[in-house]
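Here is a short briefing on a structure. Keep the sequence and the coordinates at hand while reading.

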Amino acid sequence: MEDVTFEVKDGEYICVLGSTGSGKTTLLRLIAGIIKPNEGEIFIEDKMVNDIPAEERNAVYVPQTYALFPHMTILENVMFGPMARQVPTKEASEAAMRVLKLVRLDHRADAFPNELSGGMQQRVALARGLAPGFKLLLLDEPLGALDARLRLELRGELRRLAKESGLTVIHVTHDQEEAMTVADRILVLRMGRVQQHGTPFHVYNRPENLFVANFVGRTNFLEGIVEARNREKSTVKIRGNLSVDVADTSHEDEEDVIVAVREENTFLTGDDPGEGRNVLDGEVTQVYFLGAYIRLEVRLRNGDIVSSLMPTDILLGKFRVGDRVWVSFYPRSTLVYDYPTLGLRHELEAY
Amino acid sequence: MPEVRLEKVTKTYGKITALRDVSLEIHSGEYLCIVGPSGCGKTTLIKSIAGIVQPDSGETYIDGRSVTPLPVEDRGTGYVFQEIALFPHMNVYDNVSYGLMVKGESVDGRRGTVTEMLDMLSMRESSKFLPSELSGGARQKTAIARTLASGSTLLLLDEPLGALDFKVRTVIRYELKRLVKELGLTAVHVTHDQEEALSVADRIIVMKAGRVVEVGPPDELYLNPRNLFTAKFLGEANFFACKVLGLAGKTCRVDAGGAALSIKRREDLDLKPGEDCVVAIRPEFVKPVHGRRSRANTLQGTVREESFLGDARSYGVETLNGLKAQMKVPAPEEEPDIRVGDEVSIMLPEEHMLIYRYPPEGLEKELALE
């Protein structure tokens, strides 16, 4: 963790997004008070908590691997927190039932953990975190142990739950889609440093650096050099003497740059689509069916590979491997970054 | 390239039946994915092909030869686990060549194979690294290379990318597919990630509660699932409980909460007027329409929820007749022109609607993932 500064507002749902080793769990454990920072200060409700032990921080940390007590019922597992804080049995049981209802497991209160599925156990762990009534919830990969399909279902519920109960949530994940759908704001971490902090819309559409552009969403990168520019646009020469227009005008002539364009903003047609956009031709090398989308890889004449992600109902059956196609994108759909000192590949690797 | 055939394979663990009369064929050179919710039996299935699990009954054939009594080591299969087990004190090169060394292959003989594997996985530059110096993705690639170097032509992949980060997974899955094709292997890949399966498989097997629900190519299973559970598990879908109104030509008319909808008729489904049925449509095929002119298969409603997905926006729409539908609209770069509270008309295109018999145990039970 290096020089991390950020703020979470009351009632806000924040996702900390990063790959393994990015420091996201460390960040959560620092806030929880499980570990201490070497430098810097942490405030909860305007109070500096650096010297306040974990159990007095009014925050609850739900670790990635939840260990439910196997010999206790679901209700007893959830009551455990309030009971440990000397809450009378009756109130503790009422609080537990209330949170079990929230996670839709009140009908399984008398079951034992091994009688429940993984998804249900995960929800019990969440209920156990909620039961003591703290308003700050720290979730470490709360859906990580679940199947992809189930995760899809539960992530919406997680957000609903947080909003209904007026909680402030910091949720750590490596899944950008999950972050995008549950968070009010996303904090992207890489090697212990904050890369970007903003709304999902902002992070997705205005990634501040190459790492974020690659980590969030699916992006094509073209290496090039600025050839000319005027007030509205620049022209970037890419490999093989091809050139593309970009909306960015902040880079100087002769500067080495990377042009980034989202795969879903990269269109494929069987003919030259005409003026107003960048048009490059090539050959389809791969077709991947992704369900709602079809993803095609195209080898351009200069050897670069560009991918296009298009809705299935538009593209189904249109192109095959070996077809000649035209790839096009608008100058306004591009983002331009400085060429990284250590090279593009190194910059994109998160890990 | 090996072919695999399973005939009525059954495996029980105490009271739990993990596999129930499973019969299937895996074609030579095929990339087959097995998907299904936790506990559906997919791991037991791949382990029974490997010989790690002995079925209670049924037969397994590899290249036409019964391997049912054969132990793991005599089946000639390569198995890659989710949990990466590399030798921590050996570098990448030595890890990959280990299998060949055990087989008694000479140093020179090993070198060619190992280098080829490392090249194919773009791992050559990392050959002197220890596992602890590698990223999760590179470690798993090393494990795959090691399995392949031993020369197995039937590759069994048990959640091979399950321990990796989302982004890494989406990159490595394509490398894995390319490798299998280039080496001319037959691959069986178990995954809980439906997008992974859709993107790499030649065919997908959908399992539920120890049974094979449906088998087919990804586009077929996604666009025309014959089974309600397949529609649910692969991708997202809206489901409406309806009643059949009538059948005319190639169209089936149903009553959806008071509104009449037309659906492409299914030849293989004999529905009678008055019968309960379920109609499904994927959120990306639901289209917003402008203007109040009433059109076929168009419902009016109010936007209740909105969520930004990056390349698309998803809306929860409640229709005037009480249906709840999710609609997904591609939204590159644009600020949305639909907001929560707006009144909208949504169109459910006839060709993208799916129809099923109403499940005897109820819709909720049929669609449950756990």
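In this predicted model, strand E12 (residues 256-262) of chain A pairs with E18(A) in the antiparallel sense. Five bridges join E12(A) and E18(A). A:Val257 has A:Asp338 as its bridge partner in E18(A).

**The five-stranded sheet of chain A**

- The pair belongs to an open sheet of five strands, ordered E11-E10-E9-E12-E18 (chain A).
- The pairing in this sheet is antiparallel.
- Strand E11 (242-246) and strand E18 (334-338) of chain A are the edge strands. Each has a single partner strand, so one side of each lacks a neighbour in the sheet.
- On average, neighbouring strands of the sheet are turned by 45° against each other, direction ignored.
- As background, strands of a sheet pair through backbone hydrogen bonds, either parallel or antiparallel.

**Strand pairing in chain B**

- Strand E1 (residues 4-13) of chain B runs antiparallel to strand E4 (residues 57-62) of chain B, with five bridges between them.
- B:Arg5 is bridged to B:Tyr61 in E4(B).
- E4(B) also pairs with strand E5 (residues 65-66) of chain B. These two strands are antiparallel and share two bridges.
- B:Ile62 lies opposite B:Arg65 in E5(B).
- E4(B) and E5(B) make a hairpin, with two residues between the strands. In the turn, B:Asp63 has a positive phi of about 50°.

**Helix packing in chain B**

- Helix H2 (residues 92-102) of chain B packs on helix H3 (residues 107-120) of chain B at an angle of about 130°. Their axes are 10 Å apart.
- That angle makes H2(B) oblique to H3(B).
- H2(B) and H3(B) cross in the right-handed sense.
- The contact residues contributed by H2(B) are B:Tyr93, B:Val96, B:Ser97, B:Leu100 and B:Met101. They meet B:Arg110, B:Thr113, B:Val114, B:Met117 and B:Leu118 in H3(B).
- By class, this contact between H2(B) and H3(B) has seven nonpolar, two polar and one charged residues.

**The interface between chains A and B**

- The interface brings 37 residues of chain A into contact with 34 residues of chain B.
- Several elements of chain A each supply at least two residues to the side that touches chain B. The helices are H4 (118-130), H5 (148-164), H6 (176-182) and H7 (200-205) of chain A. The strands are E14 (278-289) and E16 (305-311) of chain A.
- The residues on this side of chain A divide into 16 nonpolar, 13 polar and eight charged.

Note on methods:
Residues numbered from 1 in each chain as written. Chains lettered and ligands numbered in written order. Predicted model: local features only at pLDDT ≥ 70, side-chain atom pairs only at ≥ 80, totals over all residues. Contact = placed C-beta atoms within 7 Å. Helix = DSSP H or I, 4+ residues; strand = E, 2+ residues; numbered from the N terminus. Nonpolar A, V, L, I, M, F, W, Y, C, P; charged D, E, K, R; others polar. Axes fitted to C-alpha atoms, helices over the stretch in contact; angles between N-to-C directions. Parallel < 35°, antiparallel > 145°, perpendicular 65-115°, else oblique. Left-handed = near helix turned anticlockwise from the far one by under 90°. Pairing = 2+ DSSP bridges.
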